[in-house]
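Q: I'd like to learn how to read the cavities in a protein model. Can you walk me through it?

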Amino acid sequence: MKKAYIMLCMAGCAAGILAGCGGKIEQTAEPFLYGDLTEVGDEYVVVGFAQVGSESDWRRANTNSFNETFTEENGYYLLYEDGQQKQENQLKAMRNFILQEVDYIVLDPIVETGWDGVLEEAKDAGIPVILSDRYAETADASLYTCWVGSDFEEEGRRAGEWLAMYLENRGRTREEIRIVTLQGTPGSTAQLGRTEGFGQILEQHGNWTMLDRQSGDFTQAKGEEVMEQFLEDYEDIDVVVCENDNMAFGAVEAIRKAGRTCGPDGDIIVICFDAMEAALEAMMRGEINAAFECNPLLGPEVDEIIQALERGEPVEKTRYVEETYYDTSMDLETILENRAY
Ligand code: AHR
């Protein structure tokens with residue numbers, strides 16, 4: 001195992017301090033941040049984690065999953081970098097990890113493109129890069145070791161299929177259905193996959209119209225802002241598809257402020273992705289109709305991959321995590337009692 005020389009804190013390197021969002025997940029263990037540490041013992045596997053940011057409840061649960069898995073007790077020394085939703089910060093973090101000669105880099109790329117250069121630098125330095133959650137489009141697949149995360153396209157299809165079933169159960173198959181979408185960060189795997197998957201089902205329904213799609217960048221504040229605009233621009237929205245829970249919380253707020261109603265007893269159907277605790281609670285309050293799960297617990301998955309690599313075993317290039325969905329017809333109270341996130 002290499003020794004990691006920890007460099008002084010990069011300007012702009014942010015602690016995992018989390019801005020207010022709709023959910024109640026708090027960050028647990030303090031991530032290892034840059035400091036004036038000089039040398040880490042050979043007994044640790046040093047992992048540099050270039051995280052996207054702290055934009056959502058999902059992201060906080062995902063960061064917690066890494067912090068709780070990559071502990072000194074488990075034989076790891078974790079360097080955590082919050083990219084604050086900016087690719088340039090993630091590129092800086094990656095280059096710093098390379099300079100520090102970490103054993104592994106875990107990259108959760110904010111968008112899919114623009115990584116070839118830094119991935120080549122990591123490969124030249126002999127550092128395996130594991131992609132987690134979001135994917136990086138590369139000219140050469142040997143630039144990264146493997147990817148683990150959600151099947152975002154399947155999540156989108158599942159949401160579309162659920163909507164078709166929901167409308168059918170309410171005898172609305174012939175009605176004109178007007179839909180708007182609050183998209184995630186443009187060019188991110190979660191946005192691209194969910195938009196594509198839902199779009200495939202949209203195409204099968206001649207009576208569904210996508211009135212508009214705009215990015216709310218996966219945040220509650222932007223979700224609310226964009227939904228406010230949608231409500232001004234379109235009188236007759238039947239469905240809002242929110243590409244994450246937090247934008248749905250913002251949409252619900254905008255709907256309420258506009259004097260409109262939503263959820264199973266309201267006039268706008270709200271669908272979202274992630275299905276964190278706060279979304280299930282919003283469903284119990286009758287604000288959201290359905291939430292399509294995105295599993296944030298990727299720390300143990302990446303740990304398994306690293307342990308296999310440490311033993312010299314091959315790993316799968318692509319690894320999906322299991323996911324389901326929830327709607328208001330289910331016993332959400334019981335589901336919440338046993339839920340890890
Ligand atoms: O990449 C996963 C997505 O990123 C989650 O759906 C969203 O909440 C997060 O910001």
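A: On a 1 Å grid over the protein atoms alone, a cavity is a set of points where a 1.4 Å probe fits but cannot get out, and lining residues have an atom within 4 Å of a point. Grid points are joined across faces, edges and corners, and a volume is the space filled by probe spheres set on the points. This is a predicted model, where local features need pLDDT of at least 70, side-chain atom pairs count only at pLDDT 80 or more, and totals for chains, interfaces and linings use all residues. Residues are numbered from 1 along each chain as its sequence is written, and side-chain values use heavy atoms, with hydrogens and water left out.

Q: How many cavities of 30 Å³ or more are there?

A: The count is two.

Q: Where does the largest cavity lie?

A: Between domain 1 (4–149 + 296–310) and domain 2 (152–294 + 327–337), because both give residues to its lining. Those bounds come from an automatic or database domain assignment.

Q: And what is the volume of the second largest cavity?

A: About 50 Å³. Among the residues lining the second largest cavity are Thr 181, Arg 194, Phe 198 and Glu 243. Helix H5 gives the largest share of that lining, three residues; helices here are DSSP runs (H or I, at least four residues), numbered from the N terminus. H5 (189–203) also supplies at least two residues of the largest cavity's lining.

Terms used: 1 Å grid on protein atoms, 1.4 Å probe; cavity = no way out; pocket = protein on both sides within 12 Å on 5 of 7 lines; lining within 4 Å.
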